[in-house]
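The entries follow in the order I made them.

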Amino acid sequence: MNYDDTHIAFLAAIWGEGFLSPGGAAEVARALEGMDLRGKDVLDIGCGAGGVTALLVAEHGARHVTGMDVEPDVCRAAREFVARKGLADRIDIVETAPGPLPFPAESFDVVFSKEAILHVPDKAALAREVFRVLKPGGWFVGSDWMISHDGEPSPAMAHYLKCEDLDFALESPARYEWALTEAGFVDVSLRNRNPWYREEARRELARLTGPERSRFEALSGKAEIARQIETWEAMLPVLESGEHCPHHLRGRKPF
């Protein structure tokens with residue numbers, strides 16, 4: 001398990017309630033730029049604690065969103081978040097096992113995912129499953145953390161990944177593009193978000209080490225916050241080098 005209640009609470013404190021990845025509503029909007037979700041049925045892969053899932057309905061007009069995740073704690077947190085937002089009639093949260101998506105072919109107009117595919121080792125298999133559940137003409141839209149190159153990570157990247165201590169399976173933008181194209185997607189595009197997150201991560205570290213530190217420690221404990229600071233300090237060099245390179249990505253299933 002990657003995200004227990006303590007980890008969920010910490011990430012909510014730094015990234016916003018319901019979020020397990022950075023950027024909040026503004027970054028979701030940037031990933032969806034040019035996409036019209038009004039009246040659409042959407043699948044949110046790796047819905048986490050529900051923040052993104054709720055936005056797809058509340059701010060982007062999706063008719064119905066199915067959020068799915070493999071972790072019980074985050075699914076429970078997502079259901080609670082959606083209920084607090086009064087959106088339970090338009091959102092389902094589905095806890096699934098890793099593997100094929102548990103939905104019929106051509107079920108969704110749009111499949112969205114934000115910083116969740118990095119936990120999936122077989123990107124090509126997931127791309128094929130996304131292609132299968134999309135309706136003809138539907139879009140796969142999302143963002144994910146990536147490594148800039150194929151092959152072994154640098155010592156700095158390996159140190160950062162060890163500090164994260166999560167089941168990251170980072171791959172290069174080229175591998176993502178190949179997986180989407182191989183699955184049958186067209187109009188495939190990727191956009192590097194490293195410049196944005198490089199600056200954002202500096203601000204996050206400043207919060208963890210500055211006047212807010214005592215608030216974070218009261219929430220998660222001094223030892224956990226010290227560990228998180230070590231992780232952010234390890235992440236900044238690989239953001240600076242460009243080896244850690246979050247990207248937006250999208251592709252369309254042909255008609």
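Entry 1, the largest pocket. I sorted its lining by class and found 20 nonpolar, nine polar and eight charged residues. The classes count Ala, Val, Leu, Ile, Met, Phe, Trp, Tyr, Cys and Pro as nonpolar, Asp, Glu, Lys and Arg as charged, and the others, Gly among them, as polar. This is a predicted model, in which local features need pLDDT of at least 70 and side-chain atom pairs count only at pLDDT 80 or more, while totals for chains, interfaces and linings use all residues. Residues are numbered from 1 along each chain as its sequence is written, and side-chain values use heavy atoms, with hydrogens and water left out.

I noted a volume of about 670 Å³ for the largest pocket. Its lining has 37 residues, and G46, V70, A116, H119 and V120 lie nearest the centre. Two or more lining residues come from each of strand 1 (41–45), helix 3 (51–58), strand 2 (64–69) and helix 5 (123–133). Helix 5 gives the largest share, three residues.

For terms, I worked on a 1 Å grid over the protein atoms alone: a cavity is a set of points where a 1.4 Å probe fits but cannot get out, a pocket is an open set with protein on both sides within 12 Å along at least five of seven lines, and lining residues have an atom within 4 Å of a point. Grid points are joined across faces, edges and corners, and a volume is the space filled by probe spheres set on the points. Helices (H or I, at least four residues) and strands (E, at least two) are DSSP runs, numbered from the N terminus.

I found three of 30 Å³ or more. The largest cavity holds about 200 Å³ of space. It is lined by 20 residues, with W15, W145, E164, L166 and F168 nearest its centre. Helix 1 (5–15) and helix 10 (222–241) each give two or more residues to this lining, and helix 10 has the largest share with five.

The second largest cavity holds about 70 Å³. Among its lining residues I listed K123, F140 and Y176.

I located S113 in strand 4 (residues 108–114). Is S113 buried or exposed? It counts as buried because its relative accessibility is 1%, where buried means under 20% relative accessible area, exposed over 50% and partly exposed in between (1.4 Å probe, protein chains only).
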